[in-house]
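Okay, quick one from me today.

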Amino acid sequence: MTGPILIADLGGTNLRFALTDGQTTREESSMEGDRFASLDDAVGAYLAKIGRETQPERAIFAVAGPSDAETMVFTNRDWTVPVAPLRSRFRLKQLAVVNDFAAVAYALPHLTPDDYRTVGAERTARPGAMVAIGPGTGLGVGLVVPGDGGFKVVPGEGGHATLPAQNGLEERVIGYLRNLHGHVSAERALSGAGLADLHDAVCAVEDLPARRLDAAAIVAEGATDPGCREALGLFTDFLATVAGDLALTAGASGGVFIAGGMVPKLGDLFDGGRFRRRFTAKGRLAGYLDPIPVRLITHREPALLGLSRSAEAILRNDLDTSV
């Protein structure tokens, strides 16, 4: 089966579409999800934009939520989308559904040094597993493990694992978040809404003036306001703790890669040295983590890169993909 493949990175905030031939992408377009009442409307708008002569017969959708081949469920958007009617409406002969951070994970073996920068101390990657973690509207996690002559992507919902505390302040902050949410997952702190809640928690437990700020305002005032500065420090520490736990669990000698929309926007407010110190703060296993590199992905669309380079393998349901 030939012809272009429609690929889409369907996040909690933005919907990114492109066509691919299995190597390169074209007709890339990013749309705000709030513009559309349904995923059908968004797909229709994209296809109308690129024109009828290029209508694809195959598609891969990466979804920010626990979706499968029958239903797409968006964790941070009120959409539950049955796959079969969508495939029928757009006359797709194939429609594969993957986790959004599985799509990022597919990109990791294809990243070059131009596609990332080092966080903290420089380290050399060794053969082995790689981890992707990304705070944005939610918190995405993806895993790449080596296979016979290639690699395998393991999707999951690691962003919803329980958030741990490492000191008294963090225990009080997590207690505040528990009163808000019940279960305090990593995503409850490591996301846009999570940063806002971290700021509220810091102000409450440290008796600072209470004022509700969104993530953008916290970043804007991060260099001058004590509550914003403390919230951003907690965000860095929590992200490093979770990333270190993932690296231990996966044996991620190939590196930990930070993706998502939040960290690049922090600029100098993201302290790479602080992150690195907390990342390795695992007691007797600090020496195990010390050689593992941490990279901040700077590639503009890593999920689309991953979907593009592994498109044929995904469509034939062959998740063992050669590099």
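So, let's start here: which residues in α3 are buried? Keep in mind that this is a predicted model. The answer is Asp-100, Phe-101, Ala-102, Ala-103, Val-104, Ala-105, Tyr-106 and Ala-107. That makes eight of the eight residues of α3, so the helix is largely enclosed by the rest of the structure. "Buried" here means under 20% relative accessible area. Look at the N-terminal end of α3 too: Asn-99 caps it, with a side-chain oxygen 2.7 Å from the backbone nitrogen of Phe-101.

Now, the largest pocket. We get about 980 Å³ of space in there. There are 47 residues lining it, and the ones closest to the centre are Pro-135, Gly-136, Thr-137, Gly-260 and Gly-261. Our friend α3 (100-107) is among the elements that give two or more residues to that lining, and so are β9 (130-135) and β10 (139-147), to pick out a couple of strands. On the helix side, the contributors include α5 (192-205) and α11 (302-309).

Last stop, α7. This helix runs over residues 226-250, so count 25 residues, and it spans 36 Å from first C-alpha to last, close to the 36 Å expected at 1.5 Å a residue. At its start, a side-chain oxygen of Asp-225 comes to within 3.0 Å of the backbone nitrogen of Gly-227. Just past the other end, Gly-251 has a positive phi of about 65°.

That's me done.

Methods. Residues numbered from 1 in each chain as written. Predicted model: local features only at pLDDT ≥ 70, side-chain atom pairs only at ≥ 80, totals over all residues. Heavy atoms only, no water. 1 Å grid on protein atoms, 1.4 Å probe; cavity = no way out; pocket = protein on both sides within 12 Å on 5 of 7 lines; lining within 4 Å. Points joined across faces, edges and corners; volume = space filled by probe spheres on them. Helix = DSSP H or I, 4+ residues; strand = E, 2+ residues; numbered from the N terminus. Polar contact = N/O pair within 3.5 Å; in protein donor to acceptor, adjacent residues only side chain to side chain. Buried < 20%, exposed > 50% of the residue type's maximum accessible area, 1.4 Å probe, protein only.
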